[in-house]
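Below are some points to check against the structure as you read. Keep the sequence beside you and take the points in order.

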Amino acid sequence: MPAPEVPRQRPLYGQFPTALRFSVRDQTRNRLAGLLLVLFVPVWYLVMDALASGETLDFKLYATGEVLHVDGGRLTLISAGLNSVTMIAGFVVFDAVRKALAFDRRLVFAGYRQSTLIGAKSLAVALVAAAIALYTALAILFFWRPTAGGWFAVFAGFTVIALTYGALGLVLGVLVKRDLEGFFLIIMGGLMDTFLQNPLGNPLANKPVLQWFPSFGPMQFAAGGAFGHTALWGHLALGLAWAAGLGLLGLLIFRIRTRVRTRSVGRAW
């Protein structure tokens, strides 16, 4: 496959839209991820709902200390949605960033500022993550109809975990050279992370150690809003902190990997 043509250098005000278009295009052209989103998510919901429906579970809200008695099937739908979002968002961003890294170096060499590319990639990750979270949250309505506030809490939790694993995909995309390692880390990391938050499959799900996992904040916020009618904004912020930390790490490594070390090009920032 021939390398994509590097666009001619544009004025600074025209660089960002072009860079954003390339970033969004790279992240939305993954057909396998699209099939996983459209087909896997509903099937995964169907399987999890069939296995866990009718069970009653105790779920602890750490912000208030309250223990909720919840329907296991509905709680499992939330954890299944979180699991789906982690895999798909991480996979999409990792695949796009890894494949485009050499092209991004060429853009910098052609005169594109690294700050412009970083801003475009950040916005593209946020847009794609929000779209994946929205579809996954809408798909849950075929199996369970929470209140409007409860559904918003689920959607917000899905969005934050999508941002977090999108940021992880960015980190792996600029660090890992082959697909297998990146896919393994994303799939296994997301599976273990979200699985441990559900007391149906993990007897230790209400233990304090889980507060150190990326999905803890989104899971607490989603369950608190859907079952306890409580907006745990601090836990949502905790999830955003994970996303911001991983995102900054990935963008820092991206800046280093795309730096042009020639005087003729000038400073990249």
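This is a predicted model: local features need pLDDT of at least 70, side-chain atom pairs count only at pLDDT 80 or more; totals for chains, interfaces and linings use all residues.

1. How many residues of H7 are buried? The count is 12 of the 12 residues, so H7 is largely enclosed by the rest of the structure. Among the buried residues are Phe216, Pro218, Met219, Gln220, Phe221 and Phe227. Gly217, Gly224 and Gly225 are buried too, as are Ala222, Ala223 and Ala226.

2. H7 covers residues 216-227, which makes 12 residues. From its first C-alpha to its last, H7 reaches 16 Å, close to the 16 Å expected at 1.5 Å a residue. After H7 comes His229, with a positive phi near 50 degrees.

3. Next, the aromatic rings. A pair of aromatic rings is described by the distance of the centres and the angle of the planes. Searching the whole structure gives 9 aromatic pairs. One of them joins Tyr62 and Phe216; with 5.4 Å centre to centre and 65 degrees between the planes, the pair is edge-to-face. This pair links distant parts of the chain, 154 residues apart. Tyr62 is in the loop between E1 and E2, whereas Phe216 belongs to helix H7. Tyr62 and Phe216 are both buried.

4. Is the pair of Trp151 and Phe155 stacked or edge-to-face? The ring centres of Trp151 and Phe155 are 5.5 Å apart and the planes are at 10 degrees, so the pair is stacked; the cut-off for stacked is under 30 degrees. Trp151 and Phe155 are 4 residues apart in helix H5, which means that about one helical turn separates them. Both residues, Trp151 and Phe155, are buried.

5. Ring pairs also link three Phe residues into a cluster: Phe91, Phe94 and Phe183. Elsewhere, Arg21 lies over the face of Phe22, at 5.6 Å from the ring centre.

6. Finally, consider Asp26, which has its place in helix H1 (residues 12-28). Is Asp26 buried or exposed? Asp26 has a relative accessible area of 15%, and the cut-off for buried is under 20%, so Asp26 is buried. Leaving aside residues up to four places away in sequence, Asp26 touches Ala96 and Ala100.

Definitions and conventions:
Residues are numbered from 1 along each chain as its sequence is written. Side-chain values use heavy atoms; hydrogens and water are left out. Helices (H or I, at least four residues) and strands (E, at least two) are DSSP runs, numbered from the N terminus. Buried means under 20% relative accessible area, exposed over 50%, partly exposed in between (1.4 Å probe, protein chains only). Contact means heavy atoms within 4.5 Å. The expected span of a helix is 1.5 Å times one less than its number of residues. Rings of Phe, Tyr and Trp (its six-membered ring) pair if their centres lie within 6.5 Å; planes under 30 degrees apart count as stacked, over 60 as edge-to-face and the rest as tilted. A charge sits over a ring if NZ of Lys or CZ of Arg is within 6 Å of the ring centre and within 35 degrees of the ring normal.
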